[in-house]
Amino acid sequence: MTENTNLKIAVVGGGPGGYAAAFLAADLGMTVVLIDPEANPGGVCLYRGCIPSKALLHVAKLIDESAHAKNWGIDFAPPTIDLPRLRSWKEGVIKKLTGGLGQLSKKRKVEYVQGKAAFENSNTLRITKAGGEESRSFDRIILATGSRPSIVPSLHIDSPRMMDSTGALDLATVPESLLVVGGGYIGLELGTVYAALGAKVTIVEMQAGLLPGADRDLVLPLHKRLEKICSAILLNTTVASVKEEAGGIRVTFKDAQGQTRDEVFEKILVSVGRKPNSEIPGLDKTQVVVGNRGFIQVNKQLQTGDPNIYAIGDVVGEPMLAHKASHEGRTAVEAIAGHKVEFAPNAIPAVVFTDPEIAWCGLTEAQAKDANREVTIARFPWAASGRAMTLDRTEGMTKLLLDPKTERVLGVGIVGAGAGELIAEGVLAMEMGATATDISMTIHPHPTLSETVMQSAEVFFGTSTDIYRPKTASAS
Ligand code: FAD
Ligand code: NAD
């Protein structure tokens, strides 16, 4: 293998795709410039995405769990919420992490430029920064410009009562009533946070169910819990119009039958998806091709239509997840270095960090049905898990989708407390080509929720120690 590491590389965008790419390129010996408007690397994920939302979700979980503790004979007084201190704790987490990435850039001798990049040609960027503009040329350029919230024109009014995810994470106030438009990842995660902090939350989703991409049996326990903590969950419903008035925003809902009704909310969070940041100035001076949904087109090496330019992360397509961006970033750099690589994961995990959490990887049941693919589904209900019982969280479920002939794991789905941590075993199983036998023969620690993965494999064989489900009844 010939190493091609004596190169000068620019990485445009300092999110989890961009900084992972920049750091690996430096580790391989390349000269690297990383360009981003913020003072330190981090991108959406660290400044206004994954990290602040998870910090707030942790707080929400604590509030809920302390209220729930009365079931175990422990009574806590209702919490007093000090918003400025909560905000400053969250900001502190962001500062530590992004500052740490700044330090790691320095240690690796990555030149970090705070600014915005535009193209002059396939090798030359014009960088606008505080001190003015400069043109710099590179052997290769990696685009990692990420994404931004989608805007729905009918919901677009200029009012401080309207928030996107960035505004919601700022946590300026806890409104008395909050409408969340879109029952996807952001709507459910941030809706949960505001509900725990005391807002009356209504969720409106235009599809027939929340989290349309996830299997229904995984969504059900979450839906049931959201019904308890939210004022209303409106499905098959859209927002026809919004109008600001003295006490809030008057919203007109339209249901599947075309019926309309009005309600006034103090604030609205719009979370209806994200759009790729592919409108990079001067991109038309290169051979980069942008597809009709706005994603930059790349091959399996993450190379665009322009041989000198690679693109990674949210800007190249779904799933728009931080770990996918980082993995693509590392693959692009290895491809540039001349390694024989391609981005072809067996599974990319998805985690919705609500309570309960939902996590899945590989094939979903809905995808198997759509593709008419024969699968055996082995489910282990957490009601039979000793660990779930000790946590008083028996609503969860772990399921494996298996090839009935080869017993190979094709997909894993988990709903329940900590599902986001548990799914990593499913991803490893899929990457290693594991079978139900491999999983059932792997000794899992007791009592843990991780046992439910092994127990699902035992269900496949009709021999689960903890539930009686003979083989004939195991397939569904
Ligand atoms: P980004 O992180 O979007 O970074 C792109 C960077 O490029 C930005 O800093 C941008 O300013 C910069 N940029 C753009 N144009 C230019 C230019 N011309 N010049 C220089 N710089 C430029 N994903 C998960 O996996 N787990 C989660 O828990 C999770 N939670 C999320 C919560 C929220 C509220 C949101 C909004 C997103 C969340 N995501 C989560 C998604 C995750 O944030 C993205 O998938 C991830 O950040 C994408 O990384 P990226 O490197 O492609 O781009
Ligand atoms: P999303 O695609 O997850 O969900 C958007 C939802 O809005 C969908 O259910 C859609 O049917 C609905 N919708 C669209 N238009 C609507 C309308 N006019 N009225 C009512 N409902 C409407 O998008 P998101 O929640 O904005 O999140 C964007 C992306 O960010 C996610 O897809 C994910 O890739 C990423 N993200 C990931 C995490 C995580 O990994 N935990 C967390 C947050 C965000």
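This is a predicted model: local features need pLDDT of at least 70, side-chain atom pairs count only at pLDDT 80 or more; totals for chains, interfaces and linings use all residues.
## Around ligand 1

Start with the ligand. There are 36 residues around ligand 1, and the ones that come nearest are G17, D36, K54, D314 and A322.

On the backbone side, a polar atom of A117 sits 2.9 Å from a nitrogen atom of ligand 1, and M320 puts a backbone N or O atom 3.1 Å from an oxygen atom of the ligand. D314 works through its side chain instead: an N or O atom there is 2.9 Å from an oxygen atom of ligand 1. How much of the ligand does the protein bury? Taken alone, ligand 1 exposes 1000 Å², and the protein buries 92% of that.

## Who builds the shell

Several elements give two or more residues to the shell around ligand 1: the helices α1 (16–27), α2 (43–48), α3 and α8 (322–336), plus the strands β2 (31–36) and β3 (111–121). Which of them gives the largest share? That would be α2, with four residues.

## T124, tucked in

T124 belongs to strand β4, which covers residues 124–129. Its relative accessible area is 10%, and since buried means under 20%, T124 counts as buried.

You'll find F76 in the loop between α3 (50–68) and α4 (83–107). Is this phenylalanine buried or exposed? F76 has a relative accessible area of 55%, over the 50% needed, so F76 is exposed.

## G247, out in a loop

G247 lies in the loop that links two strands, β12 (238–245) and β13 (248–254). With a relative accessible area of 58%, G247 is exposed.

What does G247 touch, once residues up to four places away in sequence are not counted? The list is R161 and V264. For a sense of distance, take I233: G247 and I233 are 14 residues apart in sequence, and their C-alpha atoms are 22 Å apart in space.

Notes
Residues are numbered from 1 along each chain as its sequence is written. Chains are lettered from A and ligands numbered from 1 in the order in which they are written. Side-chain values use heavy atoms; hydrogens and water are left out. Buried means under 20% relative accessible area, exposed over 50%, partly exposed in between (1.4 Å probe, protein chains only). Contact means heavy atoms within 4.5 Å. A residue is near a molecule or strand if one of its heavy atoms lies within 4 Å of it. A polar contact is a pair of N or O atoms within 3.5 Å; within protein, one must be able to donate a hydrogen and the other to accept it, and residues adjacent in sequence count only if both atoms are side-chain atoms. Accessible areas come from the Shrake-Rupley method with a 1.4 Å probe; for residues, only the protein chains shown count as cover.
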